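Open the model in your viewer and keep the sequence panel beside it. Each stop below says what to select and what to look for.

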Amino acid sequence: MLYINDMSKRYGSFTAVNHLSLHIPEGDLFGFVGPNGAGKTTTIRIVCGLLRASEGSVRIGGTTAAVGSKEMKRLIGYVPDFFGVYDNLKVREYMDMYGSMYGMYSRDIAKLTDDLLELVNLTDKKEVYVDTLSRGMKQRLCVARALLHNPRLLILDEPNSGLDPRARVEMKELLKNLHSMGKTIVISSHILSELSEMCNSIGIMNHGQLVTAGLIEDIMQQLAGGSRIHIRIVSEVEPAVRILKEQANVTVESVRENELIITHRGTDSEISALIGYLIQNQVVLTDFHREEGNLESLFMQLTGGAQ
């Protein structure tokens, strides 16, 4: 879906983005994280056509249009980290204005406005002035506006910045709903716990460079040297320990009464096969679960604790 190839952005002697290459597949909910000044917002603004890269290229799907062109902008819905001031516009008029910018027919704008306001739970605010809405409502309205022209890629820069806890929950549920509908979404955020609850993949930037990118589970497993797994059994523990120690990708870390902790360096299918193998050998399991990774600790490990 989104292809960034060897992209850099320099301001004189300062390099904000340094030879960034990244592929975000269609249907991903991708979290873009990094310390302040890492280059996230610069990257987003280049992808959206608001800045010109010093070198490199950006492609969405199969289009070869230039970044910032009308064709490219039609593929992107952008939600910035701030909301412009619209003192004399009602919500309906705000949607009309943006629809007209994309050359949409009035009847289509009206129908889509009703559908999108329902999606973001703002149906009853249609005739309300935009500047009277709460910060959370404005953010949800901005998402509706960004979806008006049915973009292939939705990009949000710090969407939860300044929101109260309830508004953050509402935004999180909205984005998860959009993801379930098949939208490709990129979110830049510092709220790592919320990204871990929403995103299926992440990219971590530091000092203008991409440190790592991919599925959260894969990155966690790679850094930890495997999956840490807890096993609870009701049968004798020694036969289970003996079987586990015979497995090439398994390290037994802890043996307690009725509980084992192991590290498995194999794939998910190999882990599943291990469960079956234990059962076949009369090991009676009551629990078998992977220890959840922590996005905050991953972030600190990869960025050296930079803020």
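This is a predicted model: local features need pLDDT of at least 70, side-chain atom pairs count only at pLDDT 80 or more; totals for chains, interfaces and linings use all residues.

Residues are numbered from 1 along each chain as its sequence is written, and side-chain values use heavy atoms, with hydrogens and water left out.

**Stop 1**

Two strands count as paired if DSSP finds at least two bridges between them.

Zoom in on S1 and S2, which run antiparallel and are joined by 7 bridges. Ile-4 stands opposite Leu-22 in S2, and Lys-9 has Val-17 in S2 as its bridge partner. The two strands form a hairpin with 2 residues between them, and Gly-12 in the turn has a positive phi of about 65 degrees.

Angles run from 0 to 180 degrees between N-to-C directions, with axes fitted to C-alpha atoms, for helices over the stretch in contact.

**Stop 1: Glu-55**

What does Glu-55 touch, not counting residues up to four places away in sequence? Asp-6, Met-7, Ser-8, Arg-10 and His-19, where contact means heavy atoms within 4.5 Å. Glu-55 and Ser-8 are 47 residues apart in sequence, yet 5.3 Å apart in space, C-alpha to C-alpha. With a relative accessible area of 28%, Glu-55 is partly exposed; this class lies between buried, under 20%, and exposed, over 50% (1.4 Å probe, protein chains only).

**Stop 2: the largest cavity**

Rolling a probe the size of a water molecule over the atoms shows where empty space is left. On a 1 Å grid over the protein atoms alone, a cavity is a set of points where a 1.4 Å probe fits but cannot get out; a pocket is an open set with protein on both sides within 12 Å along at least five of seven lines; lining residues have an atom within 4 Å of a point. Points are joined across faces, edges and corners, and a volume is the space filled by probe spheres set on them.

The structure holds 2 cavities of 30 Å³ or more, and the largest has a volume of about 60 Å³. To see its lining, select Leu-2, Ile-4, Leu-22, Ile-24, Phe-32, Thr-43, Ile-44, Val-47, Ile-155 and Val-186. By class the lining has 9 nonpolar, 1 polar and no charged residues. Ala, Val, Leu, Ile, Met, Phe, Trp, Tyr, Cys and Pro count as nonpolar, Asp, Glu, Lys and Arg as charged, and the others, Gly among them, as polar.

**Stop 3: the sheet of six strands**

Which order do the 6 strands of the other open sheet follow? The order is S5-S6-S7-S3-S8-S9, with mixed pairing. S5 and strand S9 (209-215) stand at the edges with a single partner strand each, so one side of each is left without a neighbour in the sheet. The twist averages 15 degrees from one strand to the next.

Select strand S3 (residues 29-33) and strand S7 (residues 184-188), which run parallel and are joined by 4 bridges. Phe-32 stands opposite Ser-188 in S7. Helix H6 (residues 165-180) packs on the sheet, touching S3, strand S6 (153-157) and S7, and its direction makes about 150 degrees with that of S7.

**Stop 4: the second largest pocket**

This pocket holds about 520 Å³ of space. Of the 16 residues lining the pocket, Leu-50, Lys-73, Tyr-78, Tyr-102 and Arg-145 lie nearest its centre. Helix H2 (70-73), strand S5 (76-79) and helix H3 (91-101) each give two or more residues to the lining, which has 9 nonpolar, 2 polar and 5 charged residues.

**Stop 5: Asp-131**

Finish at Asp-131, in the loop between helix H4 (106-119) and helix H5 (135-147). Asp-131 is partly exposed, with a relative accessible area of 36%. Leaving aside neighbours within four places in sequence, Asp-131 is in contact with Tyr-86, Asp-87 and Lys-138. Val-91 is 40 residues from Asp-131 in sequence and 9.3 Å away in space, C-alpha to C-alpha.
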